[in-house]
Amino acid sequence: MKPTRHPTPVPGGAGASRPAPADHFGDPTVQPVPASVVEQVDAADVTLSNPKRAVISLGSNLGNRLETLQGAVDALEDTPGLRVKAVSPVYETEPWGVEADSQPSYFNAVVLIKTTLPPESLLERGHAIEEAFERVRDERWGPRTIDVDILAYQDVVSQDPRLTLPHPRAHERAFVLVPWHDVDPAAEVPGRGAVAALLSAVGSAGVTRRTDLELRLPE
């Protein structure tokens with residue numbers, strides 16, 4: 001277990017930068033991860049037996065938004081049976097489903113993981129992270145310190161009301177599709193099609209990349 005490096009109730013450690021997506025190689029603000037770090041992350045898979053791919057969306061519009069997102073990434077990595085494989089750049093977006101200027105803007109990111117946890121256990125871990133950051137569910141579309149959503153789990157398609165897979169609104173939300181495409185340009189939303197095609201249909205208006213901010217892959 002890595003030492004806590006931020007004043008949050010969730011343990012975690014911050015590590016090296018994430019590798020730049022292919023379409024950002026010309027961006028001088030993006031620094032590639034050293035090969036040794038990439039090898040270390042890949043080698044972590046040997047501790048997992050038959051891991052599954054999953055995609056997690058993070059969002060925050062209260063408090064120290066960047067610190068909270070990093071804390072959530074670190075908490076995911078500290079979860080037994082889970083490895084964080086990639087983290088998208090940070091994007092700033094307007095709140096969904098509310099009047100303009102009624103809430104602070106969100107910081108959003110997408111995390112790619114490999115895990116041996118079943119979907120239900122992964123959901124419980126996401127809820128535990130939200131609770132650790134004092135997420136409040138008083139109102140729909142209300143502001144929150146952290147939102148942890150499972151966008152997809154392997155190729156599973158499920159209509160279970162407790163955990164619908166893929167996320168029922170992921171295909172229509174630019175603040176999800178933009179960072180998802182950034183971190184995995186070839187990604188597919190099970191049953192919906194390629195993220196690139198869905199993003200083309202939705203557009204990226206109102207989703208701004210924060211090149212001055214960065215989430216780090218855990219060591």
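Modeller: The protein exposes about 10,500 Å² of surface, and carbon and sulfur atoms supply 51% of that area, where accessible areas come from the Shrake-Rupley method with a 1.4 Å probe and, for residues, only the protein chains shown count as cover. Please keep in mind that this is a predicted model, in which local features need pLDDT of at least 70 and side-chain atom pairs count only at pLDDT 80 or more, while totals for chains, interfaces and linings use all residues. Residues are numbered from 1 along each chain as its sequence is written, and side-chain values use heavy atoms, with hydrogens and water left out.

Of the 219 residues, 52% count as buried, a word that stands for under 20% relative accessible area, whereas exposed stands for over 50% and partly exposed for what lies in between (1.4 Å probe, protein chains only). The secondary structure comes to 5 helices and 8 strands, which are DSSP runs numbered from the N terminus, helices (H or I) having at least four residues and strands (E) at least two.

The helix to look at closely is H2, residues 65-77. At 1.5 Å a residue, its 13 residues should span 18 Å, and the C-alpha atoms at its ends are 19 Å apart, which agrees; the expected span is 1.5 Å times one less than the number of residues. Because 11 of these 13 residues are buried, H2 is largely enclosed by the rest of the structure. Among the buried ones are Arg-65, Leu-69, Val-73 and Leu-76, and the cover over the buried residues includes E1, E2 (82-87), E3, E4 (106-115) and helix H3 (119-132).

Arg-65 also takes part in a salt bridge, which is a side-chain nitrogen of Lys or Arg within 4 Å of a carboxyl oxygen of Asp or Glu. Its partner is Glu-92, at 3.6 Å from N to O. Glu-92 lies in strand E3 (residues 91-93) and Arg-65 in H2, so the pair ties together parts that are 27 residues apart in sequence. Arg-210 in turn forms a salt bridge with Asp-212 at 2.7 Å, and Asp-212 is exposed, with a relative accessible area of 54%. Through shared partners, Arg-65, Glu-92, Arg-210 and Asp-212 are joined into one network.

Now turn to E1, which is part of the cover over H2. Since 7 of its 9 residues are buried, E1 is also largely enclosed by the rest of the structure. E1 pairs in the antiparallel sense with E4 over 9 bridges, and pairing requires that DSSP finds at least two bridges between two strands. In that pairing, Leu-58 stands opposite Ala-109 in E4. E1 also pairs in the antiparallel sense with E5, over 6 bridges, and here Ile-56 stands opposite Ile-150. Ser-57, found in E1 (residues 52-60), is buried at 6% relative accessible area. Leaving aside residues up to four places away in sequence, Ser-57 touches Ala-109, Asp-147, Val-148, Asp-149, Leu-151 and Val-176, contact meaning heavy atoms within 4.5 Å.
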